[in-house]
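I opened the notebook to look up how two chains meet. My entries follow the model below.

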Amino acid sequence: MSEAREEILAGVRRSLKRGKLDAARETELREHVAARRRNLVPARAAALTGPGRVALFVAMAEEVQATVTRVNSPAAVPEVVARYLAAENLPAELVLAPDPSLDDIPWDARPLLRIRRGRAEMGDAVSLTPCFAAIAETGTLMLVSGPATPTTLNFLPDTHIVVVNGNQVVATYEDGWDRLRTTDGMPRTVNFITGPSRTGDIEQRIELGAHGPRRLHIILVDGSQKAGDGEDE
Amino acid sequence: MLATSGTFEANARAGLANDNLQRALALMRSGFPQRRRSAVERLPEFEALREIGKSIKDHTLEHLDFYLELFEENVLASGGQVHWARTPDEAGAAVLAICRSVDAKLVTKGKSMIAEEVGLNEYLEKNGITTVETDLGEYIIQLRHEPPSHLIAPAIHLMKKQVADTFRAEHRSLDPGRSLAEARQLCDEARAVLRPQFLAADVGITGANFLVAETGSSIIVTNEGNGDLTQTLPRVHVVMTSLEKLVPTFEDAAALLRLLARSATGQEFSAYTTVSTGPRRPGDLDGPEEYHVVLLDSGRSALLGGELQDMLRCIRCSACMNHCPVYAAVGGHAYGWVYSGPMGAVLTPSLIGIAEAGHLPNASTFCGQCESVCPVKIPLPKMMRHWREREFVERLNPPVYRAGLSLWAWVARRPALYHALVELASRALGWFGRGRGRFRTLPLANGWTAVRDMPAPEGRSFHRLWAERRKSSAGK
């Protein structure tokens, strides 16, 4: 180990007026870490369940300029995507995360949508990804990297469309993190995304689309909701 | 970074005379504090979270050696590397060695105050490596060869016309007739210019808002998404950070994240909070192949266990400077180094010495706003007083100032004399100033009257009023 490392650790201990912690104290601290005790969690999210929690997620996401369309089955997604792209004057072309959770979506229903699956490259205008969880507290999407969910899809294209399932909506960041702990291994990247990219660096005026996506569109697939013709917007 | 804190007085005078800066600061005064207040009012748990944030940081600092070792163990386990640096020079050398190991020509950078401490851009440039700042504010000031003037809004001292002029001067391949009148157009131009750089870079450098010991992760919080492109596209991701960013678990980071965005910009949550752990995994289609954490000490370990330990709780939200009347009058550059406002007034003397930075803890009205908005309850005014005492004990103030203080102390320890003198002075001043109610000039007080009038006393002193009130309320 490096000399700098030893000197820094020795300096820390000297300042704290003690030597290296004894084995018993280290064990206690390891247990403290392993217990992953939650700190205070805001009641506004923690107290909600089911439809109330989903409603808070939608309200908070819309507050930060994400747009949300609710549908009651994956079958409605291609239609929503095609209409969204047309309404925003975007080409009917998208790059899709190669994730099996998107395989239920009958893309053939809209044969004019040109679809590629993979990571994002320079010039890709629109991406569509699943998410790992959606956090009601602040309308935040939680996305994890992996072979089927490359991170570039979340940042390179101008428009990012995210498919969220109703049962993925959790109350707090800690709930999302607990779900992650049930999967095998930490991913390289976990992105918490709250609205589209923005900056206030020029005269503190908020402009969307600084370096990441200008538009963040959320398609919430929630079979438990009675959603009429498939949309309630 | 080279410090000019020693000339704070001249820097401050220049700031007061700078019209563009004064207009920019006026925007800040009306912006940040109001947004913070609304965000805080929406979260009933905010006050309780401040206490929790403080105790998480205190616990970590008390056991910092343990958490540093645990963090390192977990970075290594996830395939990353940790580089310990005692000094800014060692940190710079570590980054350069990483860049050389992959024969890097171009480096993109997310915002990092540690990189500012190191003076990383100049150092890498000197060694033949081009560095490009990607945060919009940082990019603007890099083009202008200026240091940041604010923790989270580094170009807050500029108006958009100045940014437009800079872009016109630097982006020479673009149509000179293009319009740059709107902030939108400036953002779009920066986005278009920086896009190819993200893709061409060999190494991406970011800072870290938090380091999580439990998993060996680094966390960055941004709004633009530049940090994410910086750390995802190049082959190598380097995190430049310092010892005190550690927290034990994700749960602890979550509590501090709830405080950070609300205190900083008044957002419920910043657009992007990103947790990075090691390099890309087998099968991943993107992400860096190498993950390095450069951990800088630079005097921080020496602050533990003493009166300045509380400063190591700081999460760099900028609420203290956003609410500081001195910062709002003179701007961040006056402070002459990386950090400004109240947190800079306490931290800068700790990191570069009180001899160079002695003016900063004196540039305070002690109004206490900074402490009252600090998300981790750092007693900033108390710590500024600590530095003033140190300055006095180390005989760093000018002789006239010291003589004045000694004289005052001698009088103040003799209450009868003190009261008599105060009575005499206030009567005399009250009589001379009875016409206009204030003085334009006053012997021995031209430091005050050069820039503002001195109000004339209206008769009785505070001590006397106090005594009279107590007597009359006792009589009731």
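Is B:Glu224 buried or exposed? I looked it up: B:Glu224 is buried, because 29 other C-beta atoms lie within 10 Å. Buried means 20 or more other C-beta atoms within 10 Å of a residue's own, exposed means 12 or fewer, partly exposed is in between, and C-beta atoms are placed from the backbone.

**Ground rules.** I noted that this is a predicted model, where local features need pLDDT of at least 70, side-chain atom pairs count only at pLDDT 80 or more, and totals for chains, interfaces and linings use all residues. Residues are numbered from 1 along each chain as its sequence is written, while chains are lettered from A and ligands numbered from 1 in the order in which they are written.

**B:Glu224.** I found B:Glu224 in the loop between β6 (217-222) and α11 (226-232) of chain B. (Helices are DSSP runs of H or I, at least four residues; strands are runs of E, at least two; both are numbered from the N terminus.) I then listed its contacts beyond four places in sequence: A:Ser197, A:Thr199, A:Ala210, A:His211, A:Gly212, B:Asp135 and B:Leu136. Contact means C-beta atoms, placed from the backbone, within 7 Å. B:Asp135 is 89 residues away in sequence, yet 7.2 Å away in space, C-alpha to C-alpha.

Five bridges join β9(A) to β9 (residues 272-276) of chain B, and the two run antiparallel. Pairing takes at least two DSSP bridges. Here A:Phe192 stands opposite B:Thr273.

Methods: Two residues are in contact if their C-beta atoms, placed from the backbone, lie within 7 Å.
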